[in-house]
Amino acid sequence: MGDQQIFSDGVEPGGLRTSQEIKILVCYMLLGAGEPMPRQAVLEIISGNGMANFFETGSAIDELIRLGHVTESDDGRLTLADTGRQVADTLSGMIPYTLRERSVKSALQLLTRIRRERENTVTIEKLSHGYNVTCSIDDGEHPLLSFTLRVADDLQAQMIRENFLNDPVLLYRSLLAILSGDARISIEDTRITIDLK
């Protein structure tokens with residue numbers, strides 16, 4: 001792996017400045033994620049968090065694929081090969097711990113979100129006045145919970161979608177506890193507290 005200097009546009013202080021460092025971080029992040037990741041997600045995590053330049057990260061991924069350290073599926077998912085695993089194991093100490101930790105944490109959060117979006121659905125329907133937002137939690141073939149809310153605008157609809165997908169299980173547990181009488185609810189002025197048993 002070469003050690004050439006790279007463009008640093010968008011790179012925060014302490015970010016990666018060489019192609020070699022970026023390639024090691026990509027391998028380390030894929031190793032920590034433990035499963036294939038969409039190429040675009042890898043790019044966004046690394047460049048979006050200021051760890052490295054977007055274009056240089058894309059070039060580093062291309063080079064890892066060319067070297068056989070990473071494979072890319074037809075649907076754009078990156079998988080770490082055995083040689084990439086060796087790179088991550090042996091060279092990860094060259095990358096600051098904070099960047100390694102942040103990259104893996106971001107990757108795991110993203111994979112959790114992808115799973116949630118696959119297992120839970122939100123549909124937004126535009127009406128003549130407002131929007132219907134339908135949120136569903138499925139358990140394999142059978143729906144566990146489905147509800148529809150009517151909201152005033154697209155901004156509210158998107159906010160409901162995001163908050164629902166952030167933790168649909170919490171919503172399910174809370175609603176089930178309230179309806180079954182297994183929750184203690186206290187209402188104070190503008191605050192509602194739900195204690196789940």
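Residue E125 is placed in strand β4, where strands (E, at least two residues) and helices (H or I, at least four) are DSSP runs numbered from the N terminus. The structure is a predicted model, in which local features need pLDDT of at least 70 and side-chain atom pairs count only at pLDDT 80 or more, whereas totals for chains, interfaces and linings use all residues. Residues are numbered from 1 along each chain as its sequence is written, and side-chain values use heavy atoms, with hydrogens and water left out.

With a relative accessibility of 45%, E125 counts as partly exposed, a class that lies between buried (under 20% relative accessible area) and exposed (over 50%), computed with a 1.4 Å probe on protein chains only. When residues up to four places away in sequence are not counted, E125 touches G130, Y131 and N132, contact being defined as heavy atoms within 4.5 Å. The C-alpha atoms of E125 and R150 are 9.4 Å apart in space, although the two residues are separated by 25 residues in sequence.

Strand β4 belongs to an open sheet of three strands, ordered β4-β5-β6 with antiparallel pairing, where two strands pair if DSSP finds at least two bridges between them. Because β4 (120-126) and β6 (142-151) are the edge strands, each with a single partner, one side of each has no neighbour in the sheet. Direction ignored, neighbouring strands of this sheet are turned by 15° against each other on average. The antiparallel pairing of β4 with β5 (residues 131-139) extends over seven bridges, and K126 has Y131 of β5 as its bridge partner.

Two helices lie across this sheet or part of it. Helix α5 lies across β4 and β5 and runs at about 65° to β4, while helix α6 (residues 154-166) lies across β4, β5 and β6 at about 175° to β4; axes are lines fitted to C-alpha atoms, for helices over the stretch in contact, and angles run from 0 to 180 degrees between N-to-C directions.

Helix α7 (residues 168-180) has 13 residues, which at 1.5 Å a residue should span 18 Å, in agreement with the 18 Å between its end C-alpha atoms; the expected span is 1.5 Å times one less than the number of residues. Its buried residues are P168, S174 and A177, and they are covered by elements including α5, β4, β5, α6, β7 (183-188) and β8 (191-196). G181, which follows α7, has a positive phi near 80°.

At the start of α3, a side-chain oxygen of N53 comes to within 2.8 Å of the backbone nitrogen of F55, and just after the helix G68 adopts a positive phi of about 85°. The buried residues of α3, namely E56, T57, G58, A60, I61 and L64, pack against α1 (19-33), α2 (39-48), β2 (70-72) and β3 (77-80).

The largest nonpolar core has 29 residues, of which L16, V26, L30, M37, V42 and I46 touch the most other members; such a core is a set of buried Ala, Val, Leu, Ile, Met, Phe, Trp, Tyr and Cys residues joined through side-chain atoms within 4.5 Å. At least two residues of this core come from each of α1, α2, α3, β3, α4 (82-91) and α5 (97-119), with α1 supplying the largest share, eight residues. Another core, of ten residues, lies apart from this one and has V122, L145, F164 and L165 among its members.

Note on methods
A polar contact is a pair of N or O atoms within 3.5 Å; within protein, one must be able to donate a hydrogen and the other to accept it, and residues adjacent in sequence count only if both atoms are side-chain atoms.
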